[in-house]
Amino acid sequence: PFDVLVIGGGPAGASAAIYAARKGIRTGIVAERFGGQVMDTVGIENFISVKYTEGPKLAASLEEHVKEYNVDVMKLQKAKSLAKKDLIEVELENGAVLKSKTVILSTGARWRNVGVPGEAEFKNKGVAYCPHCDGPLFAGKRVAVIGGGNSGIEAAIDLAGIVSHVTVIEFNPELKADSVLQDRLYSLPNVTVVKNAQTKEITGTDKVNGITYIDRESGAESHVELEGVFVQIGLVPNTDWLGDTVERTRMGEIVVDNHGATSVPGVFAAGDCTNSPYKQIIISMGSGANAALGAFDYLIRN
Ligand code: FAD
């Protein structure tokens with residue numbers, strides 16, 4: 001059996017595997033797609049001490065760094081279920097069962113897509129999901145934010161300080177965000193809020209040039225010219241496969257304490273799949289290190 005088995009090969013998982021392996025203990029890592037969300041990223045400008053890098057390059061360095069150590073890397077493998085017996089058992093989709101004294105869950109998350117024409121086509125060409133990451137790319141330009149929940153309104157307030165104008169598009173008749181955020185939003189001069197509107201299409205040629213929406217009451221169609229669209233309708237953790245085995249929030253995020261420990265002894269979690277409030281590369285790496293040290297501490301006590 002492994003001492004530490006990491007499930008997920010993004011920044012959190014890579015960091016956890018390296019920290020575990022550096023303790024000289026038997027470490028394995030299972031990753032459906034090594035690199036995780038980083039593989040979908042073009043420019044990265046907030047990975048501190050690296051002024052600029054690109055997703056696939058960072059993903060390759062993550063893998064190279066992991067392979068410096070004695071880590072059993074199992075790529076293109078998907079975990080299907082987890083059970084706590086004498087050891088913790090993780091079953092893979094291919095039927096194999098891996099056993100370990102501790103497990104670190106780092107299966108990340110994915111942004112929910114609006115699923116309209118233009119979204120996939122213009123990803124990284126005006127369609128963005130992370131205001132902390134891509135906001136500065138739209139300095140002085142016009143953008144829309146799709147989604148009027150807390151993350152959408154936080155994004156709109158954040159972007160309003162950088163871009164020239166923000167149009168918020170909310171599907172429902174009212175914004176769902178906390179009232180303190182709504183008050184702040186409505187106090188800003190360069191924000192327009194459109195409610196009860198269904199996004200129909202993100203338009204463009206080689207990059208985004210506008211958005212079309214339908215007023216759900218009148219059926220009237222409107223088109224706004226702009227340069228960027230931030231989709232903010234939810235970040236979904238990749239945790240369904242865990243069912244009720246570990247405690248998760250209503251949103252499906254794995255609940256962890258400050259050692260990265262979950263509700264199941266010996267099972268730890270790190271990165272975007274957890275209830276950590278902010279989801280970023282540098283934060284995921286820190287939390288992967290934290291969970292590995294938590295797991296090591298658990299091993300020497302049990
Ligand atoms: P992930 O990166 O999501 O990795 C999850 C890993 O788990 C993957 O290897 C996946 O294949 C694997 N996995 C999932 N389910 C299973 C399973 N059942 N079995 C086995 N393996 C599984 N952050 C920044 O800091 N700066 C940026 O500029 C930036 N830009 C971004 C741009 C885009 C388009 C996106 C989508 C995200 C961006 N982010 C950025 C966010 C950042 O990528 C994430 O916060 C970070 O990758 C989270 O790391 P993670 O390891 O927790 O999860």
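Here is a short chat about the cores, a helix and a sheet in this predicted model.

Me: What should I know before reading the residue numbers and values?
Reply: Numbering starts from 1 along each chain as its sequence is written. Because the model is predicted, local features need pLDDT of at least 70 and side-chain atom pairs count only at pLDDT 80 or more, while totals for chains, interfaces and linings use all residues.

Me: What makes a set of residues a nonpolar core?
Reply: The members are buried Ala, Val, Leu, Ile, Met, Phe, Trp, Tyr and Cys residues joined through C-beta atoms within 7 Å. The largest such core here has 48 residues, and Ala16, Ala17, Val103, Ile104 and Ala269 touch the most other members. Helix α1 (residues 11–21) gives the largest share, eight residues. Another core, of 33 residues, lies apart and includes Val163 and Ile233.

Me: Why is α1 called largely enclosed?
Reply: A residue is buried if 20 or more other C-beta atoms lie within 10 Å of its own, exposed if 12 or fewer, and partly exposed in between, with C-beta atoms placed from the backbone. In α1, 11 of the 11 residues are buried, so the helix is largely enclosed by the rest of the structure. (Helices are DSSP runs of H or I with at least four residues, and strands are runs of E with at least two, numbered from the N terminus.)

Me: Why are β14 and β16 called edge strands?
Reply: Strands pair if DSSP finds at least two bridges between them. The open sheet runs β14-β15-β16 with antiparallel pairing. β14 (197–204) and β16 (221–225) each have a single partner strand, so one side of each is left without a neighbour in the sheet.

Me: How do you know that β15 and β16 pair?
Reply: Five bridges join β15 (residues 208–215) to β16, and pairing asks for at least two, so they count as paired.
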